[in-house]
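Student: I have a structure to look at and some terms to sort out. Can we go through them one by one?

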Amino acid sequence: MPKFFIEQFINSKKDWIDKTFAKIQQRQPSQKTYHVGEEFLFLGKSYALQFYNGITILMKEEKLFFPKALEFRIQKELTNWYMRQAKEIITTRVAYHAKQMKAEYKSLLFSDTKSKWGTCFPDNALQFNWRLIMAPLMVIDYVVIHELTHTTEKHHQDSFWRRVRLFTPAYKQHRKWLEQHAHLLSV
Ligand SMILES: [Zn+2]
């Protein structure tokens with residue numbers, strides 16, 4: 001096939017190729033570069049990366065202060081920091097909602113899966129993705145309530161959603177937020 005013919009074909013499909021490529025990119029977790037000013041989410045708020053001479057990671061006044069001395073392993077340090085926050089905050093939310101809902105769960109685990117936000121296993125052990133801690137608290141609460149509802153309703157039928165709505169009336173909005181922002185919840 002002559003080269004110009006192939007080029008002509010690709011050019012005629014250029015719009016489609018560009019559009020599809022943009023769509024695929026949107027779905028993939030955004031790749032962080034760790035340059036000054038890069039935005040990181042925490043509890044739904046955005047913090048701009050800044051290096052400083054301290055020894056701990058601090059989130060304040062819309063800035064993420066990161067120790068200059070640890071810059072060489074920033075991804076690992078940030079991941080550990082987010083995981084610690086996730087464990088602390090999500091554990092508290094699970095305990096709070098379990099009490100409100102009179103739900104019983106066996107244990108609480110944290111996962112590193114990229115696609116799943118929460119799981120309720122058949123034995124009522126609960127598992128949450130630590131990346132959830134980047135989402136607003138109301139969205140975290142929705143996922144917690146969703147999984148706690150599964151301790152008694154092992155399906156997604158009407159009765160399940162009725163019970164979810166009882167404890168988080170705007171759950172559809174929270175679910176939509178997760179769908180739209182999933183690709184931003186990365187470290
Ligand atoms: Zn479910």
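Student: Which helices each supply at least two residues of the lining of the second largest pocket?

Tutor: This is a predicted model. In it, α4 (137-149) and α6 (171-181) each supply at least two residues of that lining. α4 gives the most, with four residues.

Student: What makes a residue such as His 146 part of the lining of the second largest pocket?

Tutor: A lining residue must have an atom within 4 Å of a point of the pocket. His 146 is listed in the lining, so it meets that cut-off. Others in the list include Trp 117, Tyr 142, Glu 147 and Arg 175. The volume of this pocket is about 210 Å³.

Student: How is the lining of the second largest pocket divided by class?

Tutor: Four residues are nonpolar, five are polar and three are charged. Gly 118 belongs to the lining, and Gly counts as polar by the rule used here.

Student: Why are strands β1 and β2 called paired?

Tutor: Pairing needs at least two bridges, and four join β1 (residues 39-42) to β2 (residues 45-52), so the two strands pair. They run antiparallel. Phe 42 stands opposite Lys 45 in β2. The hairpin has two residues between its strands, and Leu 43 takes a positive phi near 50 degrees there.

Student: How do you know that β2 also pairs with β4?

Tutor: The same cut-off of at least two bridges applies. β2 and β4 (residues 63-67) have five bridges, so they pair, in the parallel sense. One of the bridges has Phe 51 with Phe 66 in β4 as its partner.

Conventions
Residues numbered from 1 in each chain as written. Predicted model: local features only at pLDDT ≥ 70, side-chain atom pairs only at ≥ 80, totals over all residues. Heavy atoms only, no water. 1 Å grid on protein atoms, 1.4 Å probe; cavity = no way out; pocket = protein on both sides within 12 Å on 5 of 7 lines; lining within 4 Å. Points joined across faces, edges and corners; volume = space filled by probe spheres on them.
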